[in-house]
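Please keep the sequence and the model in view while going through the points.

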Number of protein chains: 2
Amino acid sequence: MQRILGVLGGMGPLASAQFMVRLTLLTPAERDQDHVPAVLWSDPRIPDRSAARLAGGEDPLPALLHGLRGLEAAGAGAIAIPCNTAHGWFDEMQAATSLPILHIVDAAAAELARLGVRAGPIGVMGTTGTLAMRLYQDRLADRGYECLVPEPEEMARQVTPAIGLVKANRVAEAYGPLAEVAAALMARGARAVVLGCTEIPLGIAAGPALPFPVASTIDALARVSIDWARG
Amino acid sequence: MQRILGVLGGMGPLASAQFMVRLTLLTPAERDQDHVPAVLWSDPRIPDRSAARLAGGEDPLPALLHGLRGLEAAGAGAIAIPCNTAHGWFDEMQAATSLPILHIVDAAAAELARLGVRAGPIGVMGTTGTLAMRLYQDRLADRGYECLVPEPEEMARQVTPAIGLVKANRVAEAYGPLAEVAAALMARGARAVVLGCTEIPLGIAAGPALPFPVASTIDALARVSIDWARG
């Protein structure tokens, strides 16, 4: 196991820490030396991605590229970014590095396939930035999925506040609103729900398992990272 | 929050990932930007520390110094090492870097004080290497603690196999043997038990809370790291 995974994280820091936990737990291993070597660049100072896209906030790209440079210097052979919204800058990041960046939406599609959902209507929960940039809607349409997203009022009253609760370490409180919106997407005809913001699986894990298929983008990205590391 | 914490990890990888989780959850924060910037160098290929000390195994020091160099290059201002046994090479590491290394045994002592245990007999569970090197016995004697350690048979039958189970992702199975040994140390007169191997708090967290004070060296190191980061 010689390939080093570079993890551009801190967006938020709990999500990237949990990504490291899941990367470890999903790796078949008997001892330390069987696990994936990785460097996590956890920079929670990176400017807010949704605010940058939707409200004229500070551009996160310079901080993202700074992290990429650090991971290159550390010897990384590929990059995983456990933040969906940051993938709004995917093209600029990929153009700036020769390392492959494992796209989180492609990882989510692989996870949906693993769950047996290969096309059709799916629910996608994410930040306002992720949904406004159509990161899922456009990329998954090419694969035969139709993305149902929360209503603006559900975003404002439930999803966005719940993501903020996770970033503020109030994880258990995030479960209720997130579970309600996921159920509403299923009621609208979704065959599964993608937890398309890496804070959302943390909130969903804080309560009873949902009675329908959900694709965690933390686990999804961890699985493709392990596949890459194991060649 | 501008100081970057360097985390020399991967020993084992689940423990250092969980260290990042606890570093985040123990930080007072309302949003991403309130959290501690950190770089985790997770290198599970570092040769086994106990095997090096006790069985003539490969020396881990070159790999430890390589990680330190990587964290220096990443801009770290201090180093935390969420592996107790690696502190057997503390002096060599500290001599090789100008960055302060936050000593995990001092962090454990601070955690004992926080629990209200300021001197007297305490239990210490750790790897065979940590106990044979007397990392706790000698350093805590200076502070007025008397360290009780598991019997050789408890090490061979319970503690060492349980640490291996955590490294092999079989965390839940580690609870029983670890809880038994902790209780045995209390029965021998300990006032609290230090979980002096960072795999041990993971196993202990997988079952009911123990009915006596325990000092997790993951949480202990996270607290002193946060104190450092917040200046």
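Predicted model: local features only at pLDDT ≥ 70, side-chain atom pairs only at ≥ 80, totals over all residues.

1. A salt bridge is counted where a side-chain nitrogen of Lys or Arg lies within 4 Å of a carboxyl oxygen of Asp or Glu. Under this rule, Asp32(A), Arg49(B), Lys167(B) and Glu199(B) are joined in a network of salt bridges. Within it, Asp32(A) pairs with Lys167(B), with 2.9 Å between the closest N and O atoms. In general, side chains of opposite charge can pair when their charged atoms come close.

2. Residues are numbered from 1 along each chain as its sequence is written, chains are lettered from A and ligands numbered from 1 in the order in which they are written, and side-chain values use heavy atoms, with hydrogens and water left out.

3. How are chain A and chain B related? Chain B is superposed on chain A by a rotation of 180° with 0.0 Å of shift along its axis, at an RMSD of 0.0 Å (least squares on the C-alpha atoms of residues with pLDDT of at least 70 in both copies). This is the relation of a two-fold axis. In chain B, Leu40(B) has the C-alpha nearest the axis, 2.5 Å from it.

4. The contact between the chains (heavy atoms within 4.5 Å) takes 40 residues from chain B and 39 residues from chain A. The area buried between them is about 3100 Å², and carbon and sulfur atoms give 54% of it; buried area is the accessible area (1.4 Å probe) that two parts lose on being put together, summed over both. Asp32(B), Arg45(B) and Asn169(B) supply 21% of the area that chain B buries against chain A, more than any other three residues. Between chain B and chain A, 4 salt bridges are counted.

5. Over all chains, the count is 30 salt bridges. One of them joins Glu111(A) and Arg223(A), whose closest N and O atoms are 3.1 Å apart. Glu111(A) lies in helix 5 (residues 104-114) of chain A and Arg223(A) in helix 11 (residues 217-229) of chain A, so the pair ties together parts that are 112 residues apart in sequence. Helices (H or I, at least four residues) and strands (E, at least two) are DSSP runs, numbered from the N terminus.

6. Is Glu111(A) buried or exposed? At 5% relative accessibility, Glu111(A) counts as buried, whereas Arg223(A), at 24%, counts as partly exposed. Buried means under 20% relative accessible area, exposed over 50%, and partly exposed in between (1.4 Å probe, protein chains only).

7. Chain B holds an open sheet of 4 strands in the order 6-5-7-8, with parallel pairing; two strands pair if DSSP finds at least two bridges between them. Strand 6 and strand 8 (214-216) are the edge strands, each pairing on one side only. Strand 5 (residues 120-125) and strand 7 (residues 193-195) of chain B pair over 3 bridges, and Met125(B) has Leu195(B) as its bridge partner in strand 7 of chain B.
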